[in-house]
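Subject: Structure for your attention

Dear colleague,

Please find the structure below, handed over for your use. My findings follow it.

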Amino acid sequence: MSGGKQEAPKGSGEWREFFWNPRTHELLGRTAASWGLILLFYLVFYLFLAGMFTLTMYIMLLTLDDYQPTWQDRLATPGMMIRPRGNQLELSYSLSETQSWEGLVQNLDSFLSPYNDNQQVQMNDNCSPDQYFIQEDSGEVRNNPKRSCQFNRSMLEDCSGFPDRFYGYSRGQPCVLIKLNRVIGMLPGKDGQSPFVTCAAKSHKVGEDEWREDGDKMGPLAYFPANGTFNLMYYPYYGKRAQVNYTQPLVAVKFLNASLNTDIDVECKITSNTLAPGSERDKFAGRVSFKLRIDDK
């Protein structure tokens, strides 16, 4: 057996020499000058990219308006939503189980709190109905903040929560609030004709070529304000920043005699002489569908 030192593996020595070569003073195959040049290149390169990005963002921000979008690609016909919020546009509750509709009532209370008459009188104007509330700028001088028209909670009458604090849910005559999505600059009517909401039972296919409407299940409806209108005085909308106190108009639909213990598919849509009707390609433009079920046990 030899008593000499065991030689280090050849591969290990090559790896150590690649990491640091004491003869050429190279680290990872590069001299100090080479490392300095490549680090300087990447420093200049990334500073150039950062400068280009900053300049591009600066130029883009110069084209933007703080109060109005430069480009607006929203739908020509806005969508609609309902309150109270149900489970995936489904309002289902039992008359005998108070807890099943208490949450719906609380949702309406919270949603309507900014519409209280005393708050509206303090914040907004008493406008002339059936005409647009246009507030133009004077050249480059901004007419901001822009004023808004009052939408008083009492205008919802039976669905305001004042004559009946349960909004009809305890008696099987529930109220559903409908709002039109906000679109800056939209003019939803002309010749003094305000857009209005109509609701009807959806048709169901019961045969190969046979359809049936559930109008008898839905029963008669009452609309508040009268005729279910979104009055022209609440338009145009100028944006959240320009029109800080804007109060979105509402339409309340009250189901006066809906059938119990059955599903009722309801569709509400907007009718206007300027807005295009919704198409089958976009079922949410200018309409909203929801399911109503009232159980008596």
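The chain has 5 helices and 12 strands. Please bear in mind that this is a predicted model. Of its 297 residues, 34% count as buried. The chain exposes about 18700 Å², and carbon and sulfur atoms supply 54% of that area. Among contacts between residues at least 6 apart in sequence, 75% join residues at least 24 apart.

I looked in some detail at helix α3. This helix runs over residues 98–112, 15 residues in all, and reaches 21 Å from its first C-alpha to its last, close to the 21 Å expected at 1.5 Å a residue. Its buried residues are Trp101, Leu104, Val105, Leu108, Phe111 and Leu112. They lie on the same side of α3, because they cover an arc of only 125 degrees around the axis. In general, an α-helix has 3.6 residues a turn, so residues three or four places apart point the same way. The cover over the buried residues of α3 includes strands β3 (80–83), β4 (90–94) and β5 (175–180). On the face turned away from the buried side, α3 carries the exposed residues Gln99, Gln106 and Ser110.

The aromatic residues were examined next. The count comes to 11 aromatic pairs. One of them joins Tyr93 and Tyr169: the ring centres are 5.3 Å apart and the planes stand at 50 degrees, so the pair is tilted. Tyr93 belongs to strand β4, whereas Tyr169 sits in the loop between α4 (117–123) and β5, so this pair ties together parts that are 76 residues apart in sequence. Both Tyr93 and Tyr169 are buried.

A further aromatic pair, formed by Phe255 and Phe290, is edge-to-face, with 6.4 Å from centre to centre and 90 degrees between the planes. This pair also links distant parts of the chain, since Phe255 lies in strand β10 (residues 251–255) and Phe290 in strand β12 (residues 287–295), 35 residues apart. Phe255 counts as buried because its relative accessibility is 1%, under the 20% cut-off. Phe290, with a relative accessible area of 5%, is buried as well.

Two other arrangements of rings may interest you. Phe41, Tyr42, Phe45 and Tyr46 are linked into a cluster by ring pairs. Elsewhere, Lys146 lies over the face of Tyr238, 4.7 Å from the ring centre.

Yours sincerely

Definitions and conventions: Residues are numbered from 1 along each chain as its sequence is written. This is a predicted model: local features need pLDDT of at least 70, side-chain atom pairs count only at pLDDT 80 or more; totals for chains, interfaces and linings use all residues. Side-chain values use heavy atoms; hydrogens and water are left out. Helices (H or I, at least four residues) and strands (E, at least two) are DSSP runs, numbered from the N terminus. The expected span of a helix is 1.5 Å times one less than its number of residues. Buried means under 20% relative accessible area, exposed over 50%, partly exposed in between (1.4 Å probe, protein chains only). The arc is that of the directions from the helix axis to the C-beta atoms. Contact means heavy atoms within 4.5 Å. Rings of Phe, Tyr and Trp (its six-membered ring) pair if their centres lie within 6.5 Å; planes under 30 degrees apart count as stacked, over 60 as edge-to-face and the rest as tilted. A charge sits over a ring if NZ of Lys or CZ of Arg is within 6 Å of the ring centre and within 35 degrees of the ring normal. Accessible areas come from the Shrake-Rupley method with a 1.4 Å probe; for residues, only the protein chains shown count as cover.
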